[in-house]
Amino acid sequence: MSKIAVFPGDDASPEVVEPTVRLVEAAGAHIDWIRVPPDLVEDLTAVRAVVDAADATLFGAASRRSIPALQYLRWGRRTYANVRPVRTLPNTLSPLGDGTRLDLVIVRENLEGLYAGAEGDLADTEGWRLTDRTGRPIAADGPGTFAVQVVTRRWTEAVARTAFDLARRRAAESGRTGQVAIGTKHNVLPRTDGLFREVALEVAAGYPDVKVTSYLTDDLARRLVASPAELDVVLLPNMYGDILSDSAAALVGGLGMAPSGCYGDDYAYFEPAHGTAPDIAGQGVINPTAQMLSAAMMLDYLGQHAAASKIKAAVGHVYRIGRALTRDQGGAASTAEFSNAVLEAL
């Protein structure tokens, strides 16, 4: 029996979390759910107690009240690798008019880069002797702000190993050579992006069976549009991974189709990549697919592979039939109708 903390999230998010919980139970997973009482979701002490008592967390999406919980799951539990599968399901509204079917994964460093949150006023840098590329003090042009990009060997190596292990695993399952594409702007940021690239290539040396290629991130973005089927596992620093994973989701029908898992050394949480969708909250039309597939990722993490496979197969069946799709995929089904169709497909 696995103990799972569940956070419904904000706005429209609970509308997909609750049917996902029912789906996990119907799939035969051995789960003991732990919940923070609604009136304590902003109490970090209560949140920590629930998260730390669980083996993993199933999370909705956060925009307001649930932000402290998400921050603890990410930075407090040091979940350094954000894994975003990008997989085509039948009958989705993909912009790929040639019928290309995608099966790639974006692995994003999840703690550092500009997301470390080290910002301030330029006036505070007086005396730091920081200059721009022309040798002028960075505050020379008057009032403004700055942000610090942080890259360490520790977390870069950790996320790189996640990417290369994943490529090796995918290769074993598919019978083909695993590939990792690294994307950085090391030409513009040789110290920070350069270190990320350097460490990732050092890790690659321990995986001679995996093909590795290093691209400039803008070229990788072009390849994601022009030839995405050639990609397997994509390894990116935090900011680039955030942006390009959302772009990649558009290729398979949008963020409603985009599950994710965030992994650390001893903890993981699972959430859809979409936001809280406040514009459609309460309308019963949000797509549960990303949340359900995130739950399947969670079950695989917990070693409950049979239940995970049932969920993935049931979701795939509903898309193959195509009669109960939500409106973001060209259908007319409500959230409840789609969820019930997946339950029936089990």
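A polar contact is a pair of N or O atoms within 3.5 Å; within protein, one must be able to donate a hydrogen and the other to accept it, and residues adjacent in sequence count only if both atoms are side-chain atoms. This is a predicted model, in which local features need pLDDT of at least 70, side-chain atom pairs count only at pLDDT 80 or more, and totals for chains, interfaces and linings use all residues. Residues are numbered from 1 along each chain as its sequence is written, and side-chain values use heavy atoms, with hydrogens and water left out.

Q: With which side chain does the side chain of Ser66 make a polar contact?
A: Ser66 sits in the loop between strand S3 (56-59) and helix H3 (67-76); helices (H or I, at least four residues) and strands (E, at least two) are DSSP runs, numbered from the N terminus. Not counting residues up to four places away in sequence, Ser66 touches Gly9, Asp10, Val41 and Phe59, where contact means heavy atoms within 4.5 Å. The polar contact, at 3.1 Å, is with the side chain of Asp10.

Q: Is Ser66 buried or exposed?
A: Buried means under 20% relative accessible area, exposed over 50%, and partly exposed in between (1.4 Å probe, protein chains only). The relative accessible area of Ser66 is 2%, so Ser66 is buried.

Q: What is the phi of Asp11?
A: Most residues other than glycine have a negative phi. Asp11 lies in the loop between strand S1 (2-7) and helix H1 (14-26) and is partly exposed, with a relative accessible area of 25%. Although Asp11 is not a glycine, its phi is positive, at about 55°.

Q: Where is Asn91, and what is its phi?
A: The loop between strand S4 (81-87) and strand S5 (103-109) holds Asn91. Asn91 is partly exposed because its relative accessible area is 45%. Its phi is positive in a residue other than glycine, near 65°.

Q: How many residues along the chain separate Ala29 and Lys310?
A: Ala29 is in the loop between H1 and strand S2 (31-35), and with a relative accessible area of 14% it is buried. Leaving aside neighbours within four places in sequence, Ala29 is in contact with Val24, Leu299, Gln304 and Ala307. The C-alpha atoms of Ala29 and Lys310 are separated by 10.0 Å, while along the chain these residues are apart by 281 residues.

Q: What is the distance in space between Ala249 and Arg48?
A: Ala249 belongs to helix H7 (residues 238-250) and is buried, with a relative accessible area of 2%. Its contacts, leaving aside neighbours within four places in sequence, are Arg84, Gly254, Leu255 and Ala258. Ala249 and Arg48 are 201 residues apart in sequence, and C-alpha to C-alpha they are apart by 31 Å.

Q: What is the radius of gyration of the protein?
A: The protein has 10 helices and 12 strands, and its C-alpha trace spans about 65 × 50 × 35 Å along the principal axes. The radius of gyration is taken over C-alpha atoms, and the globule rule is 2.2 Å times the number of residues to the power 0.38. For 346 residues a compact globule would have a value near 20 Å, which agrees with that of the protein, 21 Å.

Q: What percentage of the contacts between residues at least 6 apart in sequence join residues at least 24 apart?
A: Of the 346 residues, 51% count as buried. Among contacts between residues at least 6 apart in sequence, the share joining residues at least 24 apart is 76%.
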